[in-house]
Amino acid sequence: MKILRLGHVAIVGGALAMVVACGSDGSSSSPTSAGTPGTDDSVSAVTQAKGDECERLTKSEVSEVIGPNDGGQHDYQLGGCVWTAASAKDGLAEAIHATVLPKAQYEAVAEIGEPVSGFGDGATYDSGYGELWFPCRSGDFCGIKANINDPDKRKEIALRLGKILQGHV
């Protein structure tokens, strides 16, 4: 029994040593910064704040959907901005995500769904995630994610906010 415990400790210790050794190149830059060796720049660039991303939808446009919210924060998941409801409904803090990405970044993060009309060729909606993606502004892709409790309203909300986003870019 003692041998098994020692073997387990050795395996865990070795794995931790490898993680520490492989996970750091000695620099002080974050692992999500663009240009860091060993990272996919198209994905890591999504995490970089662009400045005006939370001005793509107004506070009132978002408040109509999820009620009082945090006013928008940089979205480290999809890029762009995420507005999170101030209080949870049925245990879920509802949120709205809006982003505009170059094609390479879009392909790295988007959940591709079924074709949807009204947003041009290549527009898709994924009902499982409430994500609408459509081509916009010179080769970029716009995305809306409606992370709300009511699955019957997700698509309607994503399409409505998508039209608003389309008019702002």
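Read along the sequence, the chain runs α-α-α-β-β-β-α-β-β-β-β-α. That pattern holds five helices and seven strands. The model is a predicted one. Residues are numbered from 1 along the chain.

Start with the chain as a whole. It has 169 residues, and 38% of them count as buried. Now take the contacts with a separation of 6 or more. Residues 24 or more positions apart account for 47% of them.

Strand β1 covers residues 73-74. Two bridges join β1 to β2, and the two strands run antiparallel. Gln73 stands opposite Val82 in β2. Together β1 and β2 form a hairpin, with six residues between them. Gly79 sits in the turn and has a positive phi of about 80 degrees.

Strand β2 also pairs with β3. Four bridges join β2 to β3, again in an antiparallel run. Here Trp83 stands opposite Ile96 in β3. In a regular strand, side chains alternate between the two faces of the sheet.

Move to the loop between these two strands. Strand β2 spans 81-84 and β3 spans 95-101, and Glu94 lies in the loop between them. Ala93 lies in the loop between β2 and β3 as well. Is Glu94 buried or exposed? Glu94 counts as buried, because its relative accessibility is 5%, and buried means under 20%. Ala93 has 36% relative accessibility, so Ala93 counts as partly exposed.

Leave out residues up to four places away in sequence. On that basis, Ala93 touches Thr84 and Ala88. Glu94, on that basis, touches Ile66, Trp83, Thr84, Ala85, Lys89, Asn147, Ile148 and Asn149. Trp83, one of these, is the residue that stands opposite Ile96.

Which atom of Asn149 does the side chain of Glu94 reach? The side chain of Glu94 reaches the backbone nitrogen of Asn149, at 2.8 Å. Asn149 can also be placed relative to Ala93. Ala93 and Asn149 are 56 residues apart in sequence. In space they are 8.7 Å apart, C-alpha to C-alpha.

Now turn to the aromatic rings. A pair of aromatic rings is described by the distance of the centres and the angle of the planes. How many aromatic pairs does a search of the whole structure find? The search finds three. Tyr106 and Phe141 form a stacked pair, 3.9 Å centre to centre, with 0 degrees between the planes. This pair links distant parts of the chain. Tyr106 belongs to helix α4, residues 103-109. Phe141 belongs to strand β7, residues 140-147.

Lys163 lies over the face of Phe119. The distance from the ring centre is 4.5 Å.

Note on methods. Predicted model: local features only at pLDDT ≥ 70, side-chain atom pairs only at ≥ 80, totals over all residues. Heavy atoms only, no water. Phe/Tyr/Trp six-rings, centres within 6.5 Å; stacked < 30°, edge-to-face > 60°. Lys NZ or Arg CZ within 6 Å of the ring centre and 35° of its normal. Buried < 20%, exposed > 50% of the residue type's maximum accessible area, 1.4 Å probe, protein only. Polar contact = N/O pair within 3.5 Å; in protein donor to acceptor, adjacent residues only side chain to side chain. Contact = heavy atoms within 4.5 Å. Pairing = 2+ DSSP bridges.
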